[in-house]
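These are my notebook entries on contacts looked up in one chain.

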Amino acid sequence: MAEIIVALDFPTADRALDLVDDLGEAGTFYKVGLELYTRAGPSVVEELRDRGKSVFLDLKLHDIPNTVAGGVRAASQLGVDLLTVHTAGGGPMLDAAREVSGEMRLLGVTVLTSIAPTDLEATWGRKIPSMPEEVGRLADLAARHQIHGVVVSPLEAALIRSRVEPEFLIVTPGIRPAGVGRDDQQRVATPSAAVAAGADYLVVGRAITGANDPEAALHSILAEVDRVKSDDG
């Protein structure tokens, strides 16, 4: 599969949709995150759907089961394709989300790509044996509760792929083509490395949206992904 999801991390719908129109047919799948959704609301999702685009609504829901279920139900009714919930919300929350998800697929967020091992130790209040194992523990929880996939950094993708069913989705942010800075991300990899590790979807933001020529940047990443697919074939 290995599809590219372009992250629309913009403060206004106009700027986001201008990029969508500039990328044209090459951009088929878009992520709407917290800032854009808070400012623009459901209308930006509707605009993307009207343009024939798939939508990944990245809200990272984490609340009591009933509240999360309400958010999941609303997103499903919008025609969203992928929606994130925090796996750390626990089994009852994950069950409540899954039961109302309809045809929409849910992704369990494991450990954010901006978090380093020392940050996670401070959060959990204990030593961690390894970052991949912590991510794996949360991915196992998502799988047990029949969530459709997880969001992990590309550095943990291979481990997760080795321990889940083939249809379980692996979505990797933290994608940085060679020569592009990591910004505030800690656990990053190139598009080819993420695909080779077993990722189904690669979320790419600033490497495209911050490029001098976003369309050329997207085509370059698509070509890199296609080369890996060809080599595997």
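Which side chain meets that of Glu-133 in a salt bridge? I found that the partner is Arg-163, at 3.8 Å from N to O. I note that the model is a predicted one. Glu-133 belongs to helix α7 and Arg-163 to helix α8 (residues 157–163), so this pair ties together parts 30 residues apart in sequence. Glu-133 is partly exposed at 38% relative accessible area, and Arg-163 is partly exposed at 32%.

Asp-9 sits in the loop between β1 (3–7) and α1 (13–23), whereas Lys-31 is in strand β2, 22 residues apart. I recorded Asp-9 as partly exposed, at 48%, and Lys-31 as buried, at 11% relative accessibility. Both residues belong to a salt-bridge network that also includes Asp-58 and Lys-60.

Next I examined helix α7 (residues 131–144) against helix α6 (residues 117–124): they pack at about 55°, with axes 10 Å apart. The two helices are therefore oblique to each other. From α6, Pro-117, Leu-120 and Trp-124 meet Met-131, Glu-134 and Arg-137 of α7. I classed this contact as four nonpolar, no polar and two charged residues.

Finally, I searched the whole structure for aromatic pairs and found one. Phe-29 and Tyr-201 are edge-to-face, 5.4 Å centre to centre with 70° between the planes. Phe-29 lies in strand β2 and Tyr-201 in strand β8, 172 residues apart. I recorded both Phe-29 and Tyr-201 as buried.

Technical notes:
Residues are numbered from 1 along each chain as its sequence is written. This is a predicted model: local features need pLDDT of at least 70, side-chain atom pairs count only at pLDDT 80 or more; totals for chains, interfaces and linings use all residues. Side-chain values use heavy atoms; hydrogens and water are left out. Rings of Phe, Tyr and Trp (its six-membered ring) pair if their centres lie within 6.5 Å; planes under 30 degrees apart count as stacked, over 60 as edge-to-face and the rest as tilted. Helices (H or I, at least four residues) and strands (E, at least two) are DSSP runs, numbered from the N terminus. Buried means under 20% relative accessible area, exposed over 50%, partly exposed in between (1.4 Å probe, protein chains only). Axes are lines fitted to C-alpha atoms, for helices over the stretch in contact, and angles run from 0 to 180 degrees between N-to-C directions. Angles under 35 degrees count as roughly parallel, over 145 as roughly antiparallel, 65 to 115 as roughly perpendicular and the rest as oblique. Contact means heavy atoms within 4.5 Å. Ala, Val, Leu, Ile, Met, Phe, Trp, Tyr, Cys and Pro count as nonpolar, Asp, Glu, Lys and Arg as charged, and the others, Gly among them, as polar. A salt bridge is a side-chain nitrogen of Lys or Arg within 4 Å of a carboxyl oxygen of Asp or Glu.
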